[in-house]
Amino acid sequence: MHIVIVNRWPRFFDGTRWDNELTRYEEFIDHDANQVSYVVDGPGAEGVLADPAKIACQVRVGDVNDVAALGAAVLEITERVGPVDELIALSEFTLEIAAKVREDLGIPGPTRAEVAVYRDKVRMKQVLDEAGIRVPRFDSCVRAEQVRAFAASCGYPLILKPVAAAASIGVRRVDNAAELDAALATIDLGDYEIEEFIAGEIYHVDGFVDDDSRITFQATSRYINDCLSFTHGAPLGSVLMSPSPRRTLIEDFSQQVVTALGLRRLPFHLEVFITPAGDPVFLEIGGRVGGAEVPHLIYRVFGVNLYEMFLRVLSGGQVPPVPDLIDSSGGWLIMPKSAAQAERVLRVSSMRDQVPIVWRELLPEPGHVLAPGGAYDALHRGRFILLHEDEHVVEAGIRKIIENFDFEAEPL
């Protein structure tokens with residue numbers, strides 16, 4: 001079997017950063033039994049740790065998310081090594097691009113149409129709506145007049161959202177017609193959808209589905225704040241839920257969603273609203289491992305590495321069994337850096353003494369310059385993973401960090 005892995009993620013060995021430590025390609029894919037090739041960009045090259053003698057071919061490109069560059073690299077590998085049986089891309093931002101390359105080069109695997117149900121935010125809601133699962137009212141953005149008509153029918157506030165982005169990148173809340181007009185003047189309509197604003201708490205479910213769309217593992221968590229607020233500078237965290245009727249409701253809803261979408265043999269990250277009336281409403285889903293500290297917390301609490309499950313399946317194995325689970329809790333928190341300007345760290349204090357349940361803590365050193373923006377796995381003002389069997393203790397710890405975090409920086 002000839003497997004090509006597309007990697008854009010580095011791995012770190014400073015004893016401090018834990019990002020991407022669970023994506024151990026060299027361990028989860030047998031490089032002796034298979035021919036394994038890689039396409040990487042600059043950061044991705046730092047994440048390939050297999051013995052060079054066991055790598056069939058490695059091609060470096062400027063950006064693995066450049067579809068032309070990725071296609072050319074895979075074609076080069078095909079010419080040098082032979083036909084490709086599996087093209088693996090784990091990053092949310094590479095899923096569609098890899099699907100197009102598969103179609104262009106005749107490689108087996110998920111097509112763009114198959115990927116769309118967990119990547120295209122319009123398509124996924126269309127499928128679920130047809131299946132009778134509650135979703136926000138929504139529409140593609142085609143013409144400004146049509147978007148305004150939707151707004152007039154639905155009412156404010158509304159959400160403008162890129163069809164194929166992630167991590168709330170480009171998402172906007174609009175509260176009135178003037179804000180909508182201002183937004184429409186600055187976005188590419190063809191890349192956006194508009195949807196109803198749903199009031200309520202937001203939860204996320206992270207799991208794995210087998211060949212029959214049956215969920216073999218899922219962990220349900222409640223957000224502290226939300227991803228959209230994070231893009232505007234608010235802390236973001238979540239807490240693993242203990243057994244409760246609400247968790248059961250969300251788990252049942254999760255199974256309905258993945259069944260309706262026909263997801264098979266892959267991990268998923270599902271986000272769900274629970275309205276003040278207690279009803280679940282679909283937010284969105286990704287056919288990939290959740291971001292931020294989600295996979296690391298799940299691995300520590302449950303012993304389940306969702307990356308390992310996916311990679312073993314993709315390389316021809318069966319869906320791995322899940323260990324016997326003990327209900328426990330834990331959570332994570334990100335104190336974001338500035339999204340507007342670089343800042344030099346003057347002072348930052350550990351929270352371990354005040355919050356002893358902190359398992360992992362990532363803080364910048366004084367003097368370090370934090371570049372603006374960045375995804376959840378960037379070096380922020382502070383990142384924390386907390387462990388305790390009681391979700392209420394975990395939430396209290398997260399809120400104590402938010403209230404007492406001691407950080408000072410000077411803008412640059």
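Modeller: The lining of the second largest cavity has 5 nonpolar, 3 polar and no charged residues. Here Ala, Val, Leu, Ile, Met, Phe, Trp, Tyr, Cys and Pro count as nonpolar, Asp, Glu, Lys and Arg as charged, and the others, Gly among them, as polar. This is a predicted model, where local features need pLDDT of at least 70 and side-chain atom pairs count only at pLDDT 80 or more, while totals for chains, interfaces and linings use all residues. Residues are numbered from 1 along each chain as its sequence is written, and side-chain values use heavy atoms, with hydrogens and water left out.

Biologist: Which residues line the second largest cavity?

Modeller: H204, S221, S238, L240, V294, L297, I298 and W332. β11 (236-240) and α11 (294-302) each supply at least two residues of that lining, and α11 gives the largest share, 3 residues. Helices (H or I, at least four residues) and strands (E, at least two) are DSSP runs, numbered from the N terminus.

Biologist: What counts as a cavity, and what as a pocket?

Modeller: Both come from a 1 Å grid over the protein atoms alone: a cavity is a set of points where a 1.4 Å probe fits but cannot get out, and a pocket is an open set with protein on both sides within 12 Å along at least five of seven lines. Lining residues have an atom within 4 Å of a point.

Biologist: How many cavities of 30 Å³ or more are there?

Modeller: There are 2. A volume is the space filled by probe spheres set on the points, with grid points joined across faces, edges and corners.

Biologist: What lines the largest cavity?

Modeller: V6, N7, R8, W9, Y25, A89, L90, S91 and T94. By class that is 5 nonpolar, 3 polar and 1 charged.

Biologist: Now pockets. How much space is in the second largest pocket?

Modeller: About 520 Å³. Its lining has 26 residues, and P110, Y118, R264, R265 and L266 lie nearest the centre. The classes are 16 nonpolar, 4 polar and 6 charged. β4 (86-89), α4 (95-105), α5 (112-116) and α12 (306-314) each supply at least two lining residues.

Biologist: Stay with α4. Which of its residues are buried?

Modeller: L95, I97, A98, A99, V101 and R102. Buried means under 20% relative accessible area, exposed over 50%, partly exposed in between (1.4 Å probe, protein chains only). The buried residues of α4 pack against α3 (67-81), β4 and α5, where contact means heavy atoms within 4.5 Å. After α4 comes G106, with a positive phi near 70°.

Biologist: And the core?

Modeller: In the largest nonpolar core, of 101 residues, L263 and I285 touch the most other members. The largest share of this core, 7 residues, comes from α12. A second, separate core of 18 residues includes V4, V6, V39 and V64. A nonpolar core is a set of buried Ala, Val, Leu, Ile, Met, Phe, Trp, Tyr and Cys residues joined through side-chain atoms within 4.5 Å.

Biologist: What does L263 touch?

Modeller: V117, Y118, V209, D210, S213, V258, F268 and I285, not counting residues up to four places away in sequence.

Biologist: Last topic, cysteines. How many disulfides?

Modeller: 0 in the whole structure, a disulfide being a pair of cysteine sulfur atoms within 2.5 Å. For C154, the nearest cysteine sulfur is that of C141, 12 Å away.

Biologist: Is C154 buried or exposed?

Modeller: Buried, with a relative accessible area of 15%. C227 also counts as buried, at 11%.
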